[in-house]
Amino acid sequence: MSDFTHLSVNQLIQMKQTTCDIQIVDIRDNISFEKGHIPQSSNLNNENLAHFIGEADMDQPLIVVCYHGISSQNAAQYLHQQGFDQVYSLDGGFEAWQQAHL
């Protein structure tokens, strides 16, 4: 049983429109993130993970994004275990987000 929720691109779009109190982390490599990412997202990697956890609001929804929605599931599970209350994995990842915004 997972402690995170799957989130579709459409659900994320609705969430972004209805609340500004969400956190989006992109776990792709730095080069991919720099080439394109969801607005207001931050790149999360092993080097800044501890700092992010220390500074983040554990009560705000946290959306985890990867390339295709696979790796984000493990990261979402881990982040929930670190104390985040509402953690989501974006189904289809950045690729699905990008396709929806062409």
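How many aromatic pairs does a search of the whole structure find? One. Rings of Phe, Tyr and Trp (its six-membered ring) pair if their centres lie within 6.5 Å; planes under 30 degrees apart count as stacked, over 60 as edge-to-face and the rest as tilted.

Before you click, some ground rules. This is a predicted model, where local features need pLDDT of at least 70 and side-chain atom pairs count only at pLDDT 80 or more, while totals for chains, interfaces and linings use all residues. Residues are numbered from 1 along each chain as its sequence is written, and side-chain values use heavy atoms, with hydrogens and water left out.

**Stop 1: the ring pair.** Select phenylalanine 52 and phenylalanine 84. Their ring centres are 5.8 Å apart and their planes are at 15°, so the pair is stacked. Phenylalanine 52 belongs to helix H3 (residues 49-55) and phenylalanine 84 to the loop between H4 and S5, so the pair ties together parts 32 residues apart in sequence. (Helices are DSSP runs of H or I, at least four residues, and strands are runs of E, at least two, numbered from the N terminus.) Phenylalanine 52 is buried at 14% relative accessible area, and phenylalanine 84 is buried at 1%. Buried means under 20%, exposed over 50%, and partly exposed in between (1.4 Å probe, protein chains only).

**Stop 2: helix H1.** Now select residues 9-18. Which residues of H1 are buried? Val9, Leu12 and Met15. Look down the axis of H1: these buried residues fall within an arc of 120° (taken from the directions from the helix axis to the C-beta atoms), so they line one face of the helix. An α-helix has 3.6 residues a turn, so residues three or four places apart point the same way. On the face turned away from the buried side you'll find exposed Asn10, Gln17 and Thr18.

**Stop 3: strand S5.** Select residues 87-90, one of the strands that the buried residues of H1 pack against (contact means heavy atoms within 4.5 Å). Both faces of S5 are covered, with Val87 and Ser89 buried on one side and Tyr88 and Leu90 buried on the other. S1 pairs with S5 in the parallel sense over three bridges, and threonine 5 stands opposite tyrosine 88. (Two strands pair if DSSP finds at least two bridges between them.) S4 and S5 also pair in the parallel sense over three bridges, and isoleucine 63 has tyrosine 88 as its bridge partner in S5.
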